[in-house]
Amino acid sequence: MRQNGNARILVLGGDGFCGWPTALYLSRQGYAVTIVDNFSRRLIDEELGVEPLTPIESIGQRIQCWWEMTGLNIGLHRLDLACDYDPLVELIAETRPAAIVHFAEQRAAPYSMKSSRHKRYTVSNNINATNNLLAAVVDAGVDTHVVHLGTMGVYGYGSAGMKIPEGYLDVEIPLENGQRVSQQILYPTNPGSIYHLTKSQDQLLFAYYNKNDGVRVTDLHQGIVWGTQTAETSLDERLINRFDYDGDYGTVLNRFLMQAATGHELTVHGTGGQTRAFIHISDTVRCIQLAIDSPPAAGERVRIMNQMTETHRVRDLAKMIADASGAKVAFVDNPRNEAAENELFVENDSLCNLGLKPTFLAQGLMEEISEVAGKYAHRCNPDLIPCRSYWCARKNQESSLGEGIGIDTEDSAEAPHLRQVLGRAQNLIGPTSS
């Protein structure tokens with residue numbers, strides 16, 4: 001076990017797909033980890049009428065199991081970062097964490113595009129959570145390092161024939177006198193959904209609080225995460241990570257894996273010429289630690305790293321899975337508003353230079369098919385796999401007609417279904433060991 005002097009780490013959103021394995025990994029590396037979550041992700045499952053493919057225990061049972069398996073304690077605080085500002089300030093002031101890992105945002109692009117209500121909820125939750133966190137760090141008077149999980153999607157899905165740099169772009173500005181001024185600016189964003197738009201706004205919030213208040217920030221622009229298990233979540237089935245396969249939260253890879261495991265065609269949106277960046281969940285948790293262990297110096301600007309290991313076209317990904325599983329491939333209409341074909345070239349030197357040794361799809365794909373998708377295929381509802389969230393409001397309204405699950409698209413207060421049922425979250429938490 002790596003010894004870190006019991007450095008305190010807050011993992012915001014630590015009950016989620018990336019947050020849970022990160023909390024376990026950091027705990028095993030010797031950090032004193034505390035999870036902060038409002039459990040809205042579990043409540044969104046209720047809203048959508050879905051369950052993850054893998055059986056997920058209450059957070060209390062998860063933490064208890066971790067203690068039984070390792071003898072390590074993980075703390076737990078139930079907070080809504082977008083609303084519970086004063087308790088957040090108190091928590092940061094009390095724990096004085098060396099780093100705060102920020103996963104506490106609504107993370108699905110399709111979900112953010114379902115209706116005006118979902119758009120408003122995603123903006124309200126994500127942007128308020130990030131702003132509250134940064135303001136709370138300042139108000140608490142703690143010199144902590146904020147490590148944020150961003151997304152490659154802030155860049156859009158084109159590269160202008162060049163490699164997308166890690167956050168900053170060198171530009172030259174011609175002056176009227178003929179001279180040229182060189183500057184570095186944030187690489188221009190080109191978000192493709194409301195979710196990606198909130199992540200783009202996060203960048204500006206980080207830049208401002210860094211410039212104005214000296215908050216130290218590392219922003220990790222991550223590709224699509226594949227894989228379900230890490231060494232820690234594999235220790236006991238009660239620790240297993242989420243595998244989302246539904247049309248709102250399931251990634252393209254998970255959707256293909258479930259279709260292959262249940263004998264269905266792999267449905268490729270459009271031409272399948274969309275190029276995406278990918279990273280394994282085990283590499284995600286390792287990247288978080290690498291960022292924590294190499295914080296920006298006082299006064300250093302926001303550090304931005306591209307957290308991805310490989311890129312694939314969607315149709316090539318489908319062929320890879322079809323070749324491994326024997327499934328057939330079908331091409332269907334694309335619900336997204338995006339180019340049919342795109343290239344994606346990305347720099348990712350920073351994390352590799354810090355010691356990341358990537359796990360590639362070719363190495364772990366068959367294991368994912370057999371040990372997760374195949375093992376739990378009996379829990380799959382194939383009707384939930386197709387994506388029914390369109391980037392066009394008219395199509396979204398048409399697709400919602402006659403459906404028995406989900407919330408209406410009437411424009412009203414931001415996601416009141418979540419606010420109203422958050423009081424029931426304690427039933428989802430269960431007993432804790434902290």
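Helices are taken here as DSSP runs of H or I spanning at least four residues, numbered from the N terminus. In the predicted model, Gln201 lies in one such run, helix α7.

Overall, the protein contains 15 helices and 14 strands. Of its 434 residues, 56% are buried. Among contacts with a separation of 6 or more, 83% join residues 24 or more positions apart.

The C-alpha atom of Gln201 is 7.3 Å from that of Ile127, although 74 residues separate the two along the chain. Ser200, also in α7, has a relative accessibility of 8% and so counts as buried, the limit being under 20%. Beyond its neighbours within four places in sequence, Ser200 is in contact with Val154, Thr189 and Pro191. Gln203 is likewise placed in helix α7 and is buried, because its relative accessible area is 6%.

Helix α7 (residues 194–213) packs with helix α6 (residues 116–140) at an angle of about 15°, the axes being 10 Å apart. Because this angle falls under 35 degrees, α6 is roughly parallel to α7. The crossing of α6 past α7 is right-handed. On the α6 side, the contact is formed by Lys119, Thr122, Val123, Asn126, Ile127, Thr130, Asn131, Leu134, Ala135 and Val138. The α7 side is made up of Ile194, Tyr195, Thr198, Gln201, Asp202, Leu205, Phe206, Tyr209 and Asp213. Classified by residue type, this contact of α6 with α7 comprises ten nonpolar, six polar and three charged residues.

A further helix pair is formed by α10 (residues 314–325) and α12 (residues 361–374), whose axes come within 11 Å and cross at roughly 55°. The two helices are therefore oblique to each other, and their crossing is right-handed. Leu317, Met320, Ile321 and Ala324 of α10 meet Leu361, Leu365, Met366 and Ile369 of α12. By class, the contact of α10 with α12 holds eight nonpolar residues, with no polar and no charged ones.

The largest nonpolar core has 40 residues, of which Ile9, Leu26, Ile288 and Ile292 touch the most other members. Two or more residues of this core are supplied by each of β1 (8–12), α1 (19–28), β2 (32–37), α3 (59–70), β4 (99–102), β5 (145–151) and α9 (281–293). The largest share, seven residues, is contributed by α9. Apart from neighbours within four places in sequence, Ile288 is in contact with Thr22, Leu26, Val101, Phe103, Val147 and Leu220. A second, separate core of 38 residues includes Ile92, Val146, Phe206 and Val217. Phe206, a member of this second core, also belongs to the α7 side of the contact with α6.

Conventions. Residues are numbered from 1 along each chain as its sequence is written. This is a predicted model: local features need pLDDT of at least 70, side-chain atom pairs count only at pLDDT 80 or more; totals for chains, interfaces and linings use all residues. Side-chain values use heavy atoms; hydrogens and water are left out. A nonpolar core is a set of buried Ala, Val, Leu, Ile, Met, Phe, Trp, Tyr and Cys residues joined through side-chain atoms within 4.5 Å. Buried means under 20% relative accessible area, exposed over 50%, partly exposed in between (1.4 Å probe, protein chains only). Contact means heavy atoms within 4.5 Å. Axes are lines fitted to C-alpha atoms, for helices over the stretch in contact, and angles run from 0 to 180 degrees between N-to-C directions. Angles under 35 degrees count as roughly parallel, over 145 as roughly antiparallel, 65 to 115 as roughly perpendicular and the rest as oblique. A crossing is left-handed if the near helix is turned anticlockwise from the far one by less than a right angle, and right-handed if clockwise. Ala, Val, Leu, Ile, Met, Phe, Trp, Tyr, Cys and Pro count as nonpolar, Asp, Glu, Lys and Arg as charged, and the others, Gly among them, as polar.
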